[in-house]
Every structure is written in C-alpha cells, then in structure tokens.
Amino acid sequence: MLTIDVETARRFILGKQGLWPGRRWHGLKGTEQAMRAMEYLQLDPLQIVARSQDIALYGRVLDYKPEMWEDAAYKKRRFFDWGGWLAVRPMDELPYWRTVMHRERDGKSGDPRIRKMAKEHAKAIAEIRSILQERDTLSNRDFDASTRTRTNSYRGRKDSALALYYLWRIGEVMTHHRERFERVYALTEKVAPKDLIYENSEEETDRFLVKKEISFSGLARIKRTAEAYHGRGEPDRAAKKLIETMLDDGDIIEVQVEGWKGSYHALGSDAKLLRDLSAGRVPKIWTPLETTTTEEAVFLSPLDQVSARGRAKVLFGFDYVWEVYKPEHQRKFGYYVLPVLWGDRLVARFDSKLDRTTNTFVILGFWLEDKTLAKDEAFAEALARGFVRFVNFLGAEKMDAKAISYPLLRKTVISFL
C-alpha cells in the first residue's frame with residue numbers, strides 16, 4: 001500500500017482535475033483536453049453569473065469562452081451528454097455507456113422510474129419514435145401542450161417530454177444540440193459515429209465504470225464505490241470482488257492518506273505520479289501556460305468535483321455547501337457562492353451576480369477563512385488577477401467590489417481592473 005500525506009493527496013486531486021499548479025490548456029482544443037482530464041463535466045442550467053460547467057472550464061483553460069464546451073460536444077461531436085446525473089462524457093466511451101443505458105432499459109440497474117416511464121407512456125414513446133424517423137431533430141417545444149397528455153413527472157409536464165427523455169436515457173436518441181440549454185434530440189445514428197454504436201461486454205463495462213469513477217475522484221474509497229455511481233450506471237454487481245480482482249491485476253492500487261480514515265484507491269497508472277508528488281516533484285505535463293494558482297487565484301464552480309458534495313471539507317478543511325436550493329433565511333453566505341483557490345488551498349468564498357442591465361459584475365459578499373490574509377499583499381494581488389480574468393471571461397464591462405470589506409483586498413482588486 002502506498003502512503004502519502006494530505007498535501008500530496010490534495011495536489012494530486014487538484015492536478016488530475018487540471019486545477020493545479022495552473023491552467024495548462026488553451027482555447028477550444030484545450031477545452032477538449034480539459035473535459036477528458038475531468039472525466040465528467042457536470043451540467044447545470046442555472047445562470048447567475050455563468051453556468052457551473054463554464055465556470056469549471058474557465059478555471060482550467062486559458063481564454064475559455066462561455067459555452068465553448070458545446071462546440072466540442074455538439075459541433076465537433078467529441079462528447080455527448082447523458083444521465084440522471086447529467087454530465088458530458090467523451091464520445092469514444094459510448095459503447096460502455098450504451099451497455100449502461102440498456103441495463104437501465106431492462107431494469108437491471110439505474111433509476112427504476114425509467115422502466116415505469118416506459119410502461120405508463122408506451123403510446124407516446126411509439127409516436128415519438130415514428131416522428132423521429134421522419135425528422136432530423138425534435139424537441140419538446142415542438143409539441144403544443146394543448147394536444148398532449150398532461151403529466152405530473154419530475155421530467156416534464158407533457159407526455160412528449162417524458163417520451164423524449166426516456167428514449168434519450170435508453171440510448172435510442174442523443175442530444176443533437178441545445179437551444180437555451182434545452183435539449184434538441186435526434187436518432188443516435190444521426191449523432192454518433194457509426195463505428196461507436198455498439199455495446200461493450202458486461203465485464204468490460206464493469207471494469208470501465210470502476211476505473212472511470214476512481215479517475216474522476218483521483219482517490220476513491222472502497223466502501224463508497226458502489227454508491228458513488230448513483231446516476232452514472234453502477235452495475236449493482238459484486239463491486240468489492242471486482243475491485244479485488246483489479247487490485248491483483250494492477251489496474252488500481254491502494255493508497256493510505258495520513259490522517260484520513262480507511263484506505264483509498266487510485267489508478268495503477270497514477271502510482272508514479274503519486275510518488276513524484278510525494279517527493280516534491282511536479283509533472284512536466286502539468287506546467288502552467290501562464291500564471292500559477294499562487295500567482296493568480298482561481299474561482300471554482302459550485303459543482304466542481306474537488307469541492308462539491310462535502311469534498312472541500314475533507315481535502316481543504318473548508319466547509320462548503322452550495323446554498324442555491326436553500327430558503328433564503330437558511331443561507332449562511334449567499335445564493336451562488338464560489339470557493340477561491342489560492343495555491344493548493346481554498347482560502348475564501350464570495351457571492352456575486354452579473355447585472356445584465358449595466359453589464360456589471362457585482363460582489364455581494366466576500367469571506368476569508370483566515371483573516372490574516374486580509375493584509376497579505378501576495379494574496380491581494382493574486383485575488384485581483386483572478387477577478388480581472390473572471391470579469392473578462394464573463395464579458396462584463398466593469399466590476400463593483402464595494403462589498404469586499406477588507407481594505408487592502410478591495411483597494412488592490414479595484415486598482416487592477
């Protein structure tokens with residue numbers, strides 16, 4: 001078993017996700033590289049300052065522009081979106097995911113509501129199949145609500161919405177493109193390359209899912225492996241036995257992190273990387289193209305894998321909860337708070353909005369974890385550089401920083417704008 005300290009674990013996970021020691025990708029090509037390194041790009045429709053997926057990529061890719069990921073997915077067809085846990089995945093992985101889709105269709109795993117949907121809306125599903133044979137693309141907006149059977153589903157209010165969603169979940173259709181974030185569908189053979197429309201074996205898929213999940217996490221715990229697949233196609237087989245086989249084969253390795261309970265898993269191919277980081281060596285392929293995260297702070301998306309779902313507390317001792325779905329009186333910080341990464345630590349958070357009437361990026365609140373940073377000039381400059389890039393990424397014309405209550409930080413940010 002390989003033993004590492006928390007700093008190594010933190011840098012390994014940040015580096016695997018492309019966030020440390022700085023941005024190492026550029027433009028549209030770099031966006032594709034980042035999306036592959038991330039394993040999953042989780043999608044969310046909310047657009048307060050920018051959508052979560054765009055914020056995630058801004059932090060990893062130089063000169064990233066909002067919705068650049070859509071070009072990679074829907075124009076170049078290098079990726080596709082799928083799942084109850086909605087995420088973008090590399091197109092060349094489609095044969096594995098088609099196996100997962102068919103497991104869900106056949107009731108072998110996944111969301112039981114999908115099979116129920118097939119039974120309750122069989123007539124609408126057959127109708128939509130027929131229409132798609134005649135049309136290149138189709139969206140739920142193409143159906144007048146007055147002509148459809150009304151539903152009370154979590155996935156839509158018209159039977160047409162459920163039929164399209166069902167066909168998408170089982171792999172008969174794919175997202176052709178999006179309009180105002182809403183999916184526009186087409187038959188799978190009109191979207192995916194012909195040589196990828198097949199299913200891998202059950203065993204190949206099981207191994208793929210385990211490796212995919214471990215790579216996504218960087219370090220994953222054995223006892224959480226089965227539950228971690230929620231919405232991503234967990235095969236609900238003997239996960240522990242499979243992991244033991246993969247350990248014996250060297251596909252994955254056990255890792256102990258000092259101070260953390262239990263053991264974790266990493267990919268066998270990452271063993272050398274972990275040893276190098278533990279010895280203080282940073283991989284050459286991680287060399288930043290411009291500034292490091294010490295020279296320029298980076299703001300994480302609310303759904304970023306390194307900090308979401310309680311992980312910020314484990315990795316950084318940073319208690320982060322996305323409060324967007326909490327009632328206002330229960331929020332501790334704000335509606336759309338983003339963590340601030342400086343170096344390899346989360347050191348602050350801020351709430352903000354984009355005032356689209358004046359095209360002004362407005363800080364609504366700013367909080368430091370360590371108040372001594374309020375007088376740290378190096379941090380002040382790194383924060384200012386971070387805000388300059390963020391404002392440019394948003395396409396805002398100006399920034400309102402009055403809500404930053406720390407004088408040095410506020411003054412430095414304003415001077416850099």
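This is a predicted model: local features need pLDDT of at least 70, side-chain atom pairs count only at pLDDT 80 or more; totals for chains, interfaces and linings use all residues.

Me: With which residue does aspartate 81 form a salt bridge, and how far apart are the closest N and O atoms?

Reply: The general idea is that side chains of opposite charge can pair when their charged atoms come close. Here aspartate 81 forms a salt bridge with arginine 178, with 3.3 Å between the closest N and O atoms. This pair joins distant parts of the chain, since aspartate 81 belongs to strand β5 (residues 79-82) and arginine 178 to strand β9 (residues 173-179), 97 residues apart.

Me: How many salt bridges does the structure hold, and which residues are linked in a network of them?

Reply: The structure holds 36 salt bridges, and Glu7, Arg10, Arg11 and Asp344 are linked in a network of such contacts. In one, glutamate 104 and arginine 169 meet through their side chains at 2.6 Å, N to O; glutamate 104 lies in helix α5 (residues 94-105) and arginine 169 in helix α8, 65 residues apart, and both residues are buried. In the other, the side chains of arginine 105 and aspartate 106 meet at 2.9 Å, N to O, where arginine 105 is partly exposed at 29% relative accessibility and aspartate 106 is partly exposed at 36%.

Me: How should I read a helix such as α7, and which of its residues are buried or exposed?

Reply: A first check is on length: helix α7 (residues 122-134) has 13 residues, which at 1.5 Å a residue should span 18 Å, and the 19 Å between its end C-alpha atoms agrees with that. Its buried residues include Ala124, Ile125, Ile128, Ile131 and Leu132. These residues cover an arc of only 125° around the axis, so they sit on the same side of α7. The face turned away from that buried side carries the exposed residues Lys123, Gln133 and Glu134.

Me: How many cavities of 30 Å³ or more does a search of the whole structure find, and what lines them?

Reply: The general idea is that rolling a probe the size of a water molecule over the atoms shows where empty space is left. In this structure the search finds two cavities of 30 Å³ or more. The largest cavity has a volume of about 110 Å³, and among its 16 lining residues the closest to its centre are Met38, Tyr40, Gln42, Leu303 and Gln305. Helix α3 gives the largest share of that lining, three residues. The second largest cavity holds about 40 Å³, and its lining includes Asp81, which we met above, together with Phe80, Trp82 and Arg98. Strands β5 and β9 and helix α5 each give two or more residues to that lining.

Me: What is the volume of the second largest pocket, and which residues are closest to its centre?

Reply: The second largest pocket has about 440 Å³ of space. Of its 17 lining residues, Arg155, Phe181, Glu182, Arg183 and Tyr185 are the closest to the centre. By class, this lining has seven nonpolar, four polar and six charged residues, and β8 (156-158), α8 (159-169) and β10 (182-187) each supply at least two of the lining residues.

Key. Residues are numbered from 1 along each chain as its sequence is written. Side-chain values use heavy atoms; hydrogens and water are left out. On a 1 Å grid over the protein atoms alone, a cavity is a set of points where a 1.4 Å probe fits but cannot get out, and a pocket is an open set with protein on both sides within 12 Å along at least five of seven lines; lining residues have an atom within 4 Å of a point. Grid points are joined across faces, edges and corners, and a volume is the space filled by probe spheres set on the points. Helices (H or I, at least four residues) and strands (E, at least two) are DSSP runs, numbered from the N terminus. Ala, Val, Leu, Ile, Met, Phe, Trp, Tyr, Cys and Pro count as nonpolar, Asp, Glu, Lys and Arg as charged, and the others, Gly among them, as polar. A salt bridge is a side-chain nitrogen of Lys or Arg within 4 Å of a carboxyl oxygen of Asp or Glu. Buried means under 20% relative accessible area, exposed over 50%, partly exposed in between (1.4 Å probe, protein chains only). The expected span of a helix is 1.5 Å times one less than its number of residues. The arc is that of the directions from the helix axis to the C-beta atoms.
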